[in-house]
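Visitor: Please show me how to read a few features of this model, starting with how its elements are named.

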Amino acid sequence: FGMDPPPGRIGRTRHLSIAEEESENYLDNFYNQRDKRRVSFVQRGAMNQAEFDEKFDYSKPHQENEVKRQAKKFAGRFCIPFSSCFAFKLFIFDLIPILKWLPEYNWKSDLTKDIIGGITVGVMQIPQGIAYALLARQPAINGLYASLFPPLIYMFFGTSRHSSLGTFAVVSLMTGMSVEKLTKPPEGDAAWNSTDIIDYPTPTEVSCAIAFTMGLIFLITGILRLQILTTYLSDQLIAGFTVGAAIHVLVSQLKTIFGIRGLKRYSGVGYLFRQLYDLVLAIGQVNYVSVGISATSIMILICGKFLNPIFMKKIKYNIPIPFELLVVILSTIFVYVTGVNTTKAVQVVNEIPSGIPEVSLPRFSLIPQVFADAGGIAFVSAAMWLSFSKTLAKSEEYQLDSGQEFFALAVSSMGSSFIPTVPISCSLSRTMVAYNAGVTTQLSILFSSSLVFLVVFFLGSLLETLPMAALSAIICVALWGMLEKFKTLPELYRNSKIDLTIWIFTFVATIVLDVTLGLIVSVGFALLTTIFREQFPKWHILAMVKGTYDFRDCERYGQAVYFKGICVFRFDSPLLYYNVERFKSSAHKAYLDWQKSHEFYVLSEERNTIWQSRIDEIDEDNLTPTTMNTQAPDIISRHFVIDCSAFTVIDLMGVNALKEVFSDMRKRRILVYFANAKAPVREMFARCNFYKKVPKENFYPTMRDATSIARQRQMELGFKDTEYVPDKDNIVDILSSHPY
C-alpha cells in the first residue's frame, strides 16, 4: 500500500500492551509516513485464495467446543458469585436492582414526577383491574390484587423504569378461555348440569395455577437465557394477533353490554362464530337498561379520548382526566340510587371483600392441564413486555437486562399465585400514560399501588353496585388503540407485502381458530415465509461499475460494464438443502442468458469456427439451427465466476450442488471461479474434501482477483484485452424478463 508493512503476526503469548503499541505505531506510520495530506495506495496484484492466505498469514482461530463453551458459561453464572465476597455482593445487587438505584435516587428532582405519574397510573389500574378480572372470568377483587401485589414485587427485581405491570386485556381473555374449559358452567348456562359430580376447580384456582405455571416458564427461560425465543414473534405477528384477540374480547363483551344471560359457552376452532350466532338468536332477551348504561359509558369514554389531549394542552402537563374512573363512580351511584340491579335485573359486581387476601398454595394438580395455555400466555406476555420495555429503555438511554426481566416476571407471577389473582403482563396504555406523565424510576409503582391499596382495604364495599355493563364499555373502548392498527395496513402494503401477509394471516387465524392455536399456527406461518424467501431467492448477473472495482447488479446500474467471455453470477441466499435445486437451476438460467449475449464470445477464431460449422450444417441439411454448438475443441476462453458472498451458511447438499455446477460448466468447457467465500464456508469445504473435486486454486478472495485472473488467461490465449465493453447488448432485456 505504499507504506511501512503492518506489524508481524501477533503471537498468542505476547502481552496485550505490546500488541497495542505495535498497532499504534503502525497507524501512526500509516497516516504520517509523508508530509502529503493524501495517502497514495498501491494496488496489490491479483492472486487466488491460497496465495492470499499464505501472503497474509491466515490461520484458523482456536475454537472451543460449542457445547463445552456454553456449559462453562452456564456454570460460571452460578459459580462466579461465590468466588469472592465482592463477586457475591455484585450478584446480589444484580439480582435485586433496587439496592443499586434506590441509594442513587434523586429525591429532589424525581420524587414529584414519580408521585404524579404513579397516582395517574393507579387511577387507571382500579377500573381496568376490575374490568379485566371479569374478562378473565374472575371475581373483581382478583383484578385489584393483581394490580397491587405483583407490581410491588416487580419494583424490587425489575429493571424497566416505565412498564406498568398488572392486568392486560389479551392475557385476561386467554385466561378466561382456559377458565371456561376447566371450570363448571355457571348456573343458568345452557351447559349447566345440577347432577354433575365432577370435582371442578374454581375459576380462582385455575387462574392461580396459570400464574404459577407462567412463573415457572419465566424462571426457566431466564436461567437458560432462552429469551431469544420471543424474537420469533415479529412486530407484524404481534400486531395481527392483538387485533384478532381484540375482536375476541369485543365479542365476549357483547352479551354483557346487551344484558343477555344464559348463553352456552363454546371453545375450540370457530367458537367465535357460534357465539355470535347464539347472540343473534337471543337478541329478544336484551336488557335495555344495560344497553343504556353501556351506551352512556361508551359515549363518556369516547368524549374523554378527544377531550384529554385538549385538557393536557391547556394545563401543559401530561396528566389525563381519569374518565374510566369517572364512569365507574357515576354508574355505581346510578345503580345504587335507582336499584335497577333488583328491579331490572342489571348485572352488578356484587360483593368486593375488603382486607388482607387469603393466602393458599396454588392447586398444583392443575399445572399439566393449564401448561399449554400458560405457555401461550407467557410467550405473548414476554414478547410484548420485552419489545415495549426495550423501546422505552432505548429512548431514555438506560440499560434493560432481559434475563433479569424474566426473573422479575417469574418472581412476580409465582409470588402472586399464592393469593387470588389474575395472570399479569405489561399494559401498553398504562405504560404510555406513565411515560408521558414523566415517570423516572420504579418508585412510581409504590404510589400507584398505594391508591389500589386504599380501594382493596377500605373502599371495596362502595363498588358493590358497579354495573357489569359499564365495565364492558371500559373494556371495549380500551380496545380502540388495538383496532387502530388497521391503519398501518396501507403502509405495510407499500413497504413489505410479506409482512402484510403475516399480519393478515395472523389476524384471520386468531379469529377463525382459537386464540392460543391461532398464535401457534401464525408463528409457524411466519417461520415458513422465512424459509420460502431463502428457498426461492433472487439471483443476479453482476457487472463492474464503470471506473471502479465494484461489481453490482447489472439491471440496476446504467454505468455497469462487462468483460467479454466472463459471467459473474450471484445467488442471494445461504446454500442449504431446501434451495440447492433452485441454485442449480438459477446457475443454468444464468448460463443460458449469458449464452444469448455477445459477451459470451471472446476469440475471433473460436467464434468463426462455431459459425462456420453451423453454416456447413445448414448447407448440407438445408435446416435452420435452433441452438448453437458453443464448445470449441481446443480453446477454453469463457469464465463463470460465482460470487459466494451470500453463502453465510452451507450444508452438505449445498457443497454437492457446487460440485455439480462446477462439473456441468467444465463439460461446456467453461472455467469456474469462486470468489468472496467466507472463512467458515471454506473450512466446511475442507472438511467435506471439496478441494479434491474442485482445486483450491479456483477460489479467490475478491471479485477483482477472480476477474483479473480470468482476463489474464484470456490474453494468454491470444485475446486482445479491451478495457471495458460499455455495450450491454440485450442481456439486460433478457434479465428483466426471466422469472426470479
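Guide: Helices (H or I, at least four residues) and strands (E, at least two) are DSSP runs, numbered from the N terminus. Leu-226, for example, lies in the loop between α9 and α10 (235-257). The model is predicted, so local features need pLDDT of at least 70, side-chain atom pairs count only at pLDDT 80 or more, and totals for chains, interfaces and linings use all residues. Residues are numbered from 1 along each chain as its sequence is written, and side-chain values use heavy atoms, leaving out hydrogens and water.

Visitor: Is Leu-226 buried, partly exposed or exposed?

Guide: Buried means under 20% relative accessible area, exposed over 50%, and partly exposed in between (1.4 Å probe, protein chains only). Leu-226 has 33%, so it is partly exposed.

Visitor: How many residues of strand β8 are buried?

Guide: For β8 (residues 670-675) the count is 6 of 6, so the strand is largely enclosed by the rest of the structure. In a regular strand, side chains alternate between the two faces of the sheet. Here Ile-670, Val-672 and Phe-674 point one way from β8, while Leu-671, Tyr-673 and Ala-675 point the other way, and all are buried.

Visitor: Which strand does β8 pair with over 6 bridges?

Guide: Two strands pair if DSSP finds at least two bridges between them. The partner is β7 (residues 638-643), in the parallel sense, with Asp-643 opposite Ala-675 of β8. Strand β9 (residues 699-700) also runs parallel to β8, joined by 2 bridges, and Phe-699 in β9 stands opposite Phe-674.

Visitor: What unit do β7, helix α26 and β8 make?

Guide: With α26 (residues 652-667), they make a right-handed β-α-β unit: with the strands pointing away from the viewer, the path from the first strand over the helix to the second runs clockwise.
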